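Please read the sequence and structure shown here with attention to charged side chains.

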Amino acid sequence: MSMSKNAKKRKLAEDIWKLRNENNKKQKHKALNNNCDDSLRNHNSSNDTTKNNCNVPRSSGTKSQKSIEKDNKFLNKLKNAPTIVIDMDYDDKMTESEQKSLSQQIMYCYGSNKRAKKPFKIFLSKLNGNTEKCLNKISGFPNNWLGCDVDHECKGYEELFDHEKLVYLSADSPHVLETIDDHKIYILGGIVDRNRYKNITYEKALKQNIQTARFPLQKYCTINSGTHILTVNHCYDILLSRYNSDNWINTFKSGIPSRKDLTIKSEFIDDGINGNDSCNGNNKKAAENIANAMKKKKSKRNKKSSAALPKVLLNNSKLAVVVGGSNGIGYGFASSLLNNDITSHSTENSDNIRLSYSILLVGRNEKRLNDAKLKLQSENRNNQDSQIFTFKCDCTKKAECYILRDYIRTTFGKKRGTISLLVNSAGTFLWDKDVPNGEDPKLYLENLNFNTKKYVLESLIPLMLPEKYKPLIDFQKEGTSPSMPTTTTMVKTTTTTFDHPHIILIGSQAGQPNFKEDMEKKEGKGAADGEMGYIHAMANLRSWALIMKNRMAQKGVVLNLLEPGLIDTNLSRTNFSHFGIDWKTIIKPLEYAKEEMRKMI
């Protein structure tokens, strides 16, 4: 059964999320090992204790001394803290998406609690069902969530806590909560129901003969958009803010989401700014806390902006991404780019400016990528401006292409125009008989040769668009495209140079419309029957590339589809060795790349 469009999007998002988590864990583990190695190197001669400690391998789950101290400090804050119970006994009344949403809200509650100066103890009562499964997927839950206890036995708060201390918070309660009592235990209903169930938490509290209360929201404020019903994490944030600031007005300002368009009632505006007689000193402290929080936010933004700077500065070179660059035609293009064979003709004067490229080689085999990098470095020792990088990525998997984009954004920058040139030669040739058993040759080879181009382009195009782009071409109905017949006509109105971002897709002459007929004229009927899967894949690539050529041109990006015949690569020699070809007469990948680059210029 085929998946719907939305189901595919959700599946892609899940796959990307998993890969990012795996990468983050690997990077943390690598950083810990590097720190340990550095420590050993620095203290090797003078500190035997450090040396011995560093010789012990450090697992990714091991906490640093600084983290342990931070945790202990947080636990000390919790010693006399009140308890907030989140009633999780509504799992059967929620849909799967609502259960996922609730688990996210619980995670936000825990995050707010960890950041608070005066935190609460959290207790998840009667956690069960799919909501529990969703929470178990969140990193660290439940064992590493400090100050958060879970009622796995489903006894419920009514059995575990003093009945007289319980206060169930519900928007339907007639009683107003004025202060946070340290001796009370406040209960929040853990349910996401899009307001389907009216009075559900209030009626439950009445049946259990538990005190109820609601926030004095209507007393101090007016909500101009939406309802007075708040999510679990917003209710928790309001309790937390009130417990820390002792002022309802500032609490609501910080705790109510902006989409609800909150306004403070006129008679309380002065109280929110200056404080009233009863809590003037507390409100001044609250105002100071808010000012300090704003300063911290600004400093965090500054840290984020500095962290957003690229790790690698390319100096005088531009970034070229070569997918499938470890061998064959892709390697030929990488070598050609490093040879400084490209010049850009300036329209303002007659000078030719020689372009310099740094190369990011992308492929599935890490060893081949590293070998290709070493070979390119040895061949281009005199090129001081260019650098060579590698990234392992299986481009037949869409999620991995987005991880490639993450790497480029963190390493080279996330702005438009980060990538100047994309060469995609990913793919392979197979005879239909050589396709793995049980696989459809057309689908199998389409995934290897077409999807690899499509997925990479979809993920990387945001980094290729110029800052202020102009369309390269206009479209007319008369005439035909000289290089690609039987398609929408493209009439050039501006001169394209290598100052424009370029995409080079490597296809094959097998994708051309009359390839099969031409083969049968030369070699006899049925000459192409053994490669119908490859012909199908390349024909689909050609059709898609023609559409994308027009779309990219409208955004100021030049797209070229190259459809070479036989090139002298290892793959070609393996698959066509039985034809008795004189390989001395066949063009080499580097020669082909240079020739095609000259044509484009």
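The model is predicted. Side chains of opposite charge can pair when their charged atoms come close. In this structure, 19 salt bridges are found.

One of them joins K204 and D87, whose closest N and O atoms are 2.6 Å apart. K204 belongs to helix α7, residues 200–207, while D87 is part of strand β1, residues 83–87, so this pair ties together parts 117 residues apart in sequence. Are the two partners buried or exposed? Both K204 and D87 are buried, which means that each has under 20% relative accessible area.

A second salt bridge links the side chains of E178 and K219, with an N to O distance of 3.7 Å. E178 sits in the loop between β4 (166–169) and β5 (185–189), and K219 in helix α8 (residues 217–220), so the contact ties together parts that are 41 residues apart in sequence. E178 has 35% relative accessibility and therefore counts as partly exposed. K219, with a relative accessible area of 38%, is partly exposed.

D434, at 37% relative accessibility, counts as partly exposed.

Some salt bridges share partners, and in this way D87, D89, K126, E158 and K204 are joined into one network. The pair K204 and D87, described above as a salt bridge, is included in that network.

Technical notes. Residues are numbered from 1 along each chain as its sequence is written. This is a predicted model: local features need pLDDT of at least 70, side-chain atom pairs count only at pLDDT 80 or more; totals for chains, interfaces and linings use all residues. Side-chain values use heavy atoms; hydrogens and water are left out. A salt bridge is a side-chain nitrogen of Lys or Arg within 4 Å of a carboxyl oxygen of Asp or Glu. Helices (H or I, at least four residues) and strands (E, at least two) are DSSP runs, numbered from the N terminus. Buried means under 20% relative accessible area, exposed over 50%, partly exposed in between (1.4 Å probe, protein chains only).
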